[in-house]
Amino acid sequence: MDKKTLTKGDICPVCLSRIDSITIREKGKYKRQYVYAIHFYKGGDGKRHRYECYLGPANEYVVAEKTNNIGLKGRLEKDRFVEYLESILTYYKISKEIDTGKALELFDKFMELLTKVAVSEDDKKKVKEVLQGWIDKLK
Ligand SMILES: [Zn+2]
């Protein structure tokens, strides 16, 4: 199983260079924690230099979550977009604030994604089985 957060040696999502280390800093009166990727490089002067890339809050987006409540996370979390999708789908399932047309539009986008990721015959077979299951439910 893949590790869920970025660590030393991973590719930085901000600058696309390898991460040399990760650091967490506390800031502000609420002492919130923020995560940074640290990069070292040898400059033209032959000396070692460093720069940082901001990856987001260590825990959650406190202010943004007040109006969205979908578990927004910083770039440190690798699977955050999959978790957002799950959270959004759960929201729509509970709230029922979506109509058939919009739901079908989303379904179409998921199918487009599935046809891109399901490249092996085994994956294509899995997709067909799931689709057949849904077709059977509509009968
Ligand atoms: Zn970076």
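In this predicted model, three strands form an open sheet in the order β1-β2-β3, and their pairing is antiparallel. The edge positions belong to β1 and to β3, which covers residues 48–57; each has a single partner strand, so one side of each is left without a neighbour in the sheet. Direction ignored, neighbouring strands of the sheet are turned against each other by 35 degrees on average.

Between β1 and β2, the antiparallel pairing runs over 7 bridges.

Stepping back to the whole chain, its secondary structure amounts to 4 helices and 3 strands. Followed along the sequence, the elements come in the pattern β-β-β-α-α-α-α. With a radius of gyration of 21 Å, well over the 14 Å that the globule rule gives for 139 residues, the chain is more spread out than a compact globule. The C-alpha trace, taken along its principal axes, spans about 70 × 40 × 25 Å.

Of the 139 residues in the chain, 6% count as buried, where a buried residue has 20 or more other C-beta atoms within 10 Å of its own. Among contacts in the chain with a separation of 6 or more, 25% are between residues 24 or more positions apart.

Most residues other than glycine have a negative phi. L16, however, has a phi near 65 degrees, a positive value in a residue other than glycine. L16 is exposed, because 8 other C-beta atoms lie within 10 Å and the cut-off for an exposed residue is 12 or fewer.

The second case is K31, where phi is near 50 degrees, again a positive value in a residue other than glycine. As it has 7 C-beta neighbours inside 10 Å, K31 counts as exposed.

How values were computed
Residues numbered from 1 in each chain as written. Predicted model: local features only at pLDDT ≥ 70, side-chain atom pairs only at ≥ 80, totals over all residues. Helix = DSSP H or I, 4+ residues; strand = E, 2+ residues; numbered from the N terminus. Rg over C-alpha atoms; globule rule 2.2 N^0.38 Å. Contact = placed C-beta atoms within 7 Å. Pairing = 2+ DSSP bridges. Axes fitted to C-alpha atoms, helices over the stretch in contact; angles between N-to-C directions.
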